[in-house]
Amino acid sequence: EDEKLRGQYKEWLALSPVDLRDKPFFWEDPQWNMQNLPVVGVSWFEVEAYCNWLSRATSKLYRLPTEAEWEKAARGKNNFVWAWGNTWNGDLCNNADKDTAEKLNRTSPVGMYPDGASGYGAFDMMGNVWEWCADWYDEELYKQRAEENVKDPQGSASGSARVLRGGAWGSSRDGARCAIRDRFGPGNFYFNV
């Protein structure tokens, strides 16, 4: 019900062609949309709308994870640097690092790197595509919490950009860590988000 969020949503609708509002932007492009590829070209608003629709259609709650939930799922019980451990192995995720044996330079099918799953069994947490989180981005938030022991931390109550996590197929090893954070305006979309 945030007034600023409603304003951003109205602005996004005004900029989105009516004939493209019923599907992700790259939906008809075989380079970015084939069987079992992650859906790309979706804004935070579209993901939020999909979660709301799916919740109503199934009578179950579906939502984006908070940034803290995403990071916990990626790090696993052992609090790893990368989903699979503390040693980099570029062959365990879709990334652009020089050490990677096979660079795809595009998205990969979901689950293509089963040995790169997190300790909780979550696939594709590193690389492939950036993943939206529910939280507003606050650059100072982690610095403020550095000395605190916070259980189930919540993100900022407002902001101008939403949190992205996990890196993408064009990310290096540093850009595909469990701790990497980025931001994007909620009305924006790209072929790696």
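**Helices, pockets and buried residues**

Guide: Let us begin with Arg145, which is found in helix H4; helices (H or I, at least four residues) and strands (E, at least two) are DSSP runs, numbered from the N terminus. This is a predicted model, in which local features need pLDDT of at least 70 and side-chain atom pairs count only at pLDDT 80 or more, while totals for chains, interfaces and linings use all residues. Residues are numbered from 1 along each chain as its sequence is written, and side-chain values use heavy atoms, with hydrogens and water left out.

Visitor: OK, is Arg145 buried or exposed?

Guide: Arg145 counts as buried, because its relative accessibility is 19%, and buried means under 20% relative accessible area, exposed over 50%, and partly exposed in between (1.4 Å probe, protein chains only).

Visitor: And what does Arg145 touch?

Guide: Not counting residues up to four places away in sequence, Arg145 touches Val150, Pro153, Gln154 and Gly155, where contact means heavy atoms within 4.5 Å. By contrast, Arg145 and Gly111 are 34 residues apart along the chain, and their C-alpha atoms are separated by 33 Å.

Visitor: Switching topic, where is Arg181 found?

Guide: Arg181 is in strand E3, which covers residues 181-184, and Arg181 counts as buried because its relative accessibility is 16%.

Visitor: Which residues is Arg181 in contact with, away from its sequence neighbours?

Guide: Leaving aside neighbours within four places in sequence, the contacts of Arg181 are Glu67, Tyr137, Asp138, Glu139, Tyr142, Leu164 and Arg165. With Glu67 there is also a polar contact, side chain to side chain, at 2.5 Å. A polar contact is a pair of N or O atoms within 3.5 Å; within protein, one must be able to donate a hydrogen and the other to accept it, and residues adjacent in sequence count only if both atoms are side-chain atoms.

Visitor: What about Thr66, where is its place?

Guide: Thr66 sits in the loop between helix H2 (44-58) and helix H3 (67-75). With 8% relative accessibility, Thr66 counts as buried, and its contacts beyond four places in sequence are Cys133, Ala134, Asp135 and Gln154.

Visitor: You mentioned H2, so how many residues does it have?

Guide: H2 has 15 residues and reaches 21 Å from its first C-alpha to its last, close to the 21 Å expected at 1.5 Å a residue; the expected span is 1.5 Å times one less than the number of residues. Its buried residues are Trp44, Phe45, Glu46, Val47, Cys51, Leu54 and Ser55. After H2 comes Ser59, whose phi is positive, near 60°.

Visitor: Now pockets. What volume does the largest pocket have?

Guide: Its volume is about 970 Å³. On a 1 Å grid over the protein atoms alone, a cavity is a set of points where a 1.4 Å probe fits but cannot get out, and a pocket is an open set with protein on both sides within 12 Å along at least five of seven lines; lining residues have an atom within 4 Å of a point. Grid points are joined across faces, edges and corners, and a volume is the space filled by probe spheres set on the points.

Visitor: Which residues lie nearest its centre?

Guide: The largest pocket is lined by 35 residues, and Val39, Val42, Val47, Tyr50 and Leu64 lie nearest its centre. H2 gives the most to this lining, with seven residues. By class, the lining of the largest pocket has 27 nonpolar, one polar and seven charged residues; Ala, Val, Leu, Ile, Met, Phe, Trp, Tyr, Cys and Pro count as nonpolar, Asp, Glu, Lys and Arg as charged, and the others, Gly among them, as polar.

Visitor: And what is the volume of the second largest pocket?

Guide: The second largest pocket has a volume of about 530 Å³. Of the 21 residues that line it, Ala68, Glu71, Tyr142, Val150 and Pro153 are the closest to its centre. H3 gives the most to the lining of the second largest pocket, with six residues, and that lining divides into six nonpolar, five polar and ten charged residues.
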